[in-house]
Amino acid sequence: MLLKPITILLLFSLLSANCSNLFVFMGFEVNQKYIATELCENRDKPEMHCNGKCYLMKKLKQAQDKEQKQERQSQKTQIQDALIVKPLVFKQYSFAEVKFHIPFSTGIPQNIKNSIFHPPQLN
């Protein structure tokens, strides 16, 4: 039920992000008469036949600069995301004291944890 409007909205937002120049052209065509009479830098010089094209070029340049700025920002973000390294965490391990005991039969110190029973050797 809501899937179709959401799909249209997402498609429109995706296209609008990539087609900013198209929207500038459309806005110029719709408002060309107003732009030529009120906003044009050369409205006092009708012999130039500018008809608001100077305003159009200025807006296109602004849109292009904005797009390049967003592209640089996204590249910067991607580089920062790629360079993020997890911080090193040093853990302190304590080793239990190694206790030695000297059996009466051999007289050689042995580690209790790693000792394996060996029968006494006869010479």
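What is the mean pLDDT of the protein, and what percentage of its residues reach 70 or more? The mean is 77, and 70% of the residues reach 70 or more; pLDDT is the predictor's confidence in each residue, on a scale from 0 to 100. The model is predicted, so local features need pLDDT of at least 70 and side-chain atom pairs count only at pLDDT 80 or more, while totals for chains, interfaces and linings use all residues. Residues are numbered from 1 along each chain as its sequence is written, and side-chain values use heavy atoms, with hydrogens and water left out.

The secondary structure comes to four helices and two strands, in the order α-α-α-α-β-β along the sequence. Helices (H or I, at least four residues) and strands (E, at least two) are DSSP runs, numbered from the N terminus. Confidence is highest in α3, at a mean of 87, and lowest in strand β2 (residues 110-111), at 55. Where pLDDT is low, the predicted coordinates should not be read in detail.

Of the 123 residues in the protein, 9% are buried. Buried means under 20% relative accessible area, exposed over 50%, and partly exposed in between (1.4 Å probe, protein chains only). The protein exposes about 12,000 Å², of which carbon and sulfur atoms supply 62%; accessible areas come from the Shrake-Rupley method with a 1.4 Å probe, and for residues only the protein chains shown count as cover. Among contacts (heavy atoms within 4.5 Å) with a separation of 6 or more, 27% join residues 24 or more positions apart.

One such place to look is L56, in helix α4 (residues 53-83). L56 counts as buried because its relative accessibility is 7%. Beyond its neighbours within four places in sequence, L56 is in contact with V24, F25 and F28. F28 is 28 residues from L56 along the chain, yet their C-alpha atoms are separated by 6.6 Å.

The loop between α3 (32-39) and α4 holds N42. N42 is buried, since its relative accessible area is 18%. Apart from residues up to four places away in sequence, N42 touches M48, C50 and C54.

The cysteines raise the matter of disulfides. A disulfide is a pair of cysteine sulfur atoms within 2.5 Å, and a search of the whole structure finds zero. For C50, which is in no disulfide, the nearest cysteine sulfur is that of C54, 3.4 Å away. C54 is likewise in no disulfide, and its nearest cysteine sulfur, that of C40, is 3.4 Å away. C50 is buried, at 11% relative accessible area, and C54 is buried at 18%.
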